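Please have the sequence and the structure open as you go.

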Amino acid sequence: MPCSDARGWYNVNLRTGAEQKVVFITARVHPGETPSSFVCQGIIDFLVSQHPIAKVLRDHLVFKIAPMLNPDGVYLGNYRCSLMGFDLNRHWVDPSPWAHPTLHGVKQLIVQMYNNPKISLEFYIDIHAHSTMMNGFMYGNIFEEEERFQRQAIFPKLLCQNAEDFSFTSTSFNRDAVKAGTGRRFLGGLLDHTSYCYTLEVSFYSYILGGTTSTVPYTEEAYMKLGRNVARTFLDYYRLNTISERPLAPIPNTRKEKMPPFKCATLRGPGNSHPGRKLEKRSQTNPTEHSHSS
């Protein structure tokens, strides 16, 4: 049944026959990567809040979130593996309902949504933490067609404009054979050209603001703010920002001096076209990825 709030925004996702645009988010597939849980918590807290941006996002998008893909590994205190010793982020191709039950269930749900003509599965984001890199950044897939490659860069480009700790420079697009069993790589090949799959990484320890050389230690609040900024970026991506926005809660400043804002390079070429435009079937080539990544 359709619903509305005082401003008259109708929840199109509840309207009979309306196509549902789905954003699917997962986290904590590697138990030791605790920052990913704080980022995911920031996303969830913001989306269920009464913030006007959160209300608009709920009216126009469906968010499916699996905040902990490896609960047994987390319970046992493992760093990377599950109860049975598997790195779950290498088993997306053929997960076992017995050996990888959480992965199997999430993959089944994603495939069901993909095959539903009333659902448009538009984003898959898997949240991780990185032990050697600083800042937040993303891994994405690579396309031979220049326009498609540029279009995949739109979301991280927008995110770096919203989040001072997110680095577009560290973001990379690749097809490393070692990563073939990861969620980002497997789903990037399974889903069609209207879907975009990313790994969102965040540093275990600190970030650098643009134009400086000093590091700022991450805190739980800073991780959660990155999550809030990830959610807020969907407003820009879908061009829903016709409402009055109020600023998100600031990251606590650990230094006395105010640093200049981080500036991102402007995307060039035809990739700045509207995100809703349909593309042709994707194909991929082979660059490299940072070492020690998820």
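Predicted model: local features only at pLDDT ≥ 70, side-chain atom pairs only at ≥ 80, totals over all residues.

**Salt bridges**

- The structure contains three salt bridges.
- Glu221 meets the side chain of Arg228 in one of them, with an N to O distance of 2.7 Å. Arg228 counts as buried because its relative accessibility is 13%, under the 20% cut-off for that class.
- Arg232 pairs with Asp236, and their closest N and O atoms are 2.6 Å apart. Both residues sit in helix α8, four residues apart, or about one turn of the helix.
- Which class do Arg232 and Asp236 fall into, buried or exposed? Arg232 is buried at a relative accessible area of 12%, and Asp236 is buried at 17%.
- Arg80 and Asp87 bring their side chains together in a salt bridge of 2.9 Å, N to O. Arg80 is partly exposed, with a relative accessible area of 25%, whereas Asp87 is buried at 15%.

**Aromatic pairs and a cluster**

- How many aromatic pairs does a search of the whole structure find? The search returns 17 aromatic pairs.
- Why is the pair of Phe38 and Tyr223 called stacked? The ring centres of Phe38 and Tyr223 are 6.4 Å apart and the planes meet at 15°, so the pair is stacked; planes under 30 degrees apart fall in that class.
- This pair links distant parts of the chain, since Phe38 belongs to helix α1 (residues 35–47) and Tyr223 to helix α8 (residues 220–237), 185 residues apart.
- Phe38 is partly exposed at 28% relative accessibility, while Tyr223 is buried with a relative accessible area of 6%.
- Phe155 and Phe234 make a tilted aromatic pair, 4.8 Å from centre to centre and with 40° between the planes. Phe155 is in helix α6 (residues 154–162) and Phe234 is in helix α8, so the pair ties together parts that lie 79 residues apart in sequence.
- Phe155 is buried, with a relative accessible area of 0%, and Phe234 is buried, with a value of 0%.
- Phe155 and Phe234 also belong to one aromatic cluster, together with Phe63, Phe123, Tyr196, Tyr198, Tyr237 and Tyr238.

**A nonpolar patch on the surface**

- Which residues form the nonpolar patch on the surface? The patch is formed by Tyr75, Leu76, Leu83, Met84 and Trp98, and together they have about 670 Å² of accessible area.
- Where does Met84 lie? Met84 is found in the loop between α3 (71–76) and α4 (101–115).
- Met84 counts as partly exposed because its relative accessibility is 40%; that class spans the values between the 20% limit for buried and the 50% limit for exposed.

**Helix α8 in review**

Key: Residues numbered from 1 in each chain as written. Heavy atoms only, no water. Patch = residues over 30% accessible without salt bridge, like charges linked within 9 Å, V, L, I, M, F, W, Y side chains within 5 Å. Areas by Shrake-Rupley, 256 points an atom, 1.4 Å probe, with all protein chains shown as cover. Salt bridge = Lys/Arg side-chain N within 4 Å of Asp/Glu carboxyl O. Helix = DSSP H or I, 4+ residues; strand = E, 2+ residues; numbered from the N terminus. Buried < 20%, exposed > 50% of the residue type's maximum accessible area, 1.4 Å probe, protein only. Phe/Tyr/Trp six-rings, centres within 6.5 Å; stacked < 30°, edge-to-face > 60°.
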